[in-house]
Amino acid sequence: MAPTDEPKKQRSLSYRLHDALNVPLVGGLAIMCILGLLGAMDAHLITKIFITYIAVDTIWIVVSPSAVPRFAWAIVLHHTLTFLILLHPLRYPEHAIETCRDGIVELNTFFLIARRQLTRGSLLNRACDLMYHLTLSIRFLWQPYLIYHFRIITHMDSTDRPGGYTFQEHYMVMVSQVLLCVFNILIVLPGLLPKKKKKKKKA
């Protein structure tokens, strides 16, 4: 899931319900991805759960854009790209572990959503803020590395499957991952930069 954040203000019921449900759901996805990487949970099952969550959440945001703080169109686009890239491990179980490798980014999303639910300045809020910033490395270092990793494993010459993978499959995975990284730069990164103070107009 894609992150967005802004100062608290009166929000719609859809927004409050969406955030309240996503704390355990996104947290659960992050935990499942960790378990998958540790070999403690079936990665193909995680893929099925993950893609179902993405589909349902996309429909929710399309029907009720106020469910997210801002940039509903961008979140829908991000979810669409995530859905497309998840189709690969869904179709090819030998790559199901890649769901966990890419999906570990939900740790970052979890801390973003969790901190919105906590009183600003509280100990827990500060702890979630710290963890959010620490796990940004997943978005800006790990996910770009996966572009290189996916290029190797989904190539037509890949040894993971006899005969490799089709050009269309390779292209879909590569383009989706590249665009997910572009999303991080265009949507997430600006929110981390210091905001310029508006100059007061002289009377």
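The axes of helices α3 and α8 come within 9 Å and cross at roughly 150°. Helices here are DSSP runs of H or I with at least four residues, numbered from the N terminus. Axes are lines fitted to C-alpha atoms over the stretch in contact, and angles run from 0 to 180 degrees between N-to-C directions. Two packed helices are described by the angle between their axes and the distance between the axes. The crossing of α3 and α8 is left-handed: the near helix is turned anticlockwise from the far one by less than a right angle.

This is a predicted model, where local features need pLDDT of at least 70 and side-chain atom pairs count only at pLDDT 80 or more, while totals for chains, interfaces and linings use all residues. Residues are numbered from 1 along each chain as its sequence is written, and side-chain values use heavy atoms, without hydrogens or water.

Which residues of α3 and α8 meet? On the α3 side they include I75, H78 and L81. On the α8 side they include M172, F183 and I187. Contact means heavy atoms within 4.5 Å. By class, there are twelve nonpolar, five polar and two charged residues in this contact.

Stay on α8, which spans residues 167-192 and holds N184. N184 is buried, because its relative accessible area is 0% and buried means under 20% (1.4 Å probe, protein chains only). Not counting residues up to four places away in sequence, N184 touches R139, F140, Q143 and L189. F140 lies 44 residues from N184 along the chain, yet their C-alpha atoms are separated by 7.3 Å. The side chains of N184 and Q143 are joined by a polar contact of 3.0 Å. Such a contact is a pair of N or O atoms within 3.5 Å, one able to donate a hydrogen and the other to accept it; residues adjacent in sequence count only if both atoms are side-chain atoms.

Now turn to the cores. A nonpolar core is a set of buried Ala, Val, Leu, Ile, Met, Phe, Trp, Tyr and Cys residues joined through side-chain atoms within 4.5 Å. The largest has 25 residues, and C33, F50 and F150 have the most contacts inside it. Helix α2 gives the most to this core, with six residues. A second, separate core of 14 residues includes V68, I75, I187 and V188.

Finally, look at α5, residues 106-116. Nine of its eleven residues are buried, among them F111, L112 and I113. Their cover includes α1, α2, α4, α6 and α7.

Notes: Helix = DSSP H or I, 4+ residues; strand = E, 2+ residues; numbered from the N terminus. Buried < 20%, exposed > 50% of the residue type's maximum accessible area, 1.4 Å probe, protein only. Nonpolar A, V, L, I, M, F, W, Y, C, P; charged D, E, K, R; others polar.
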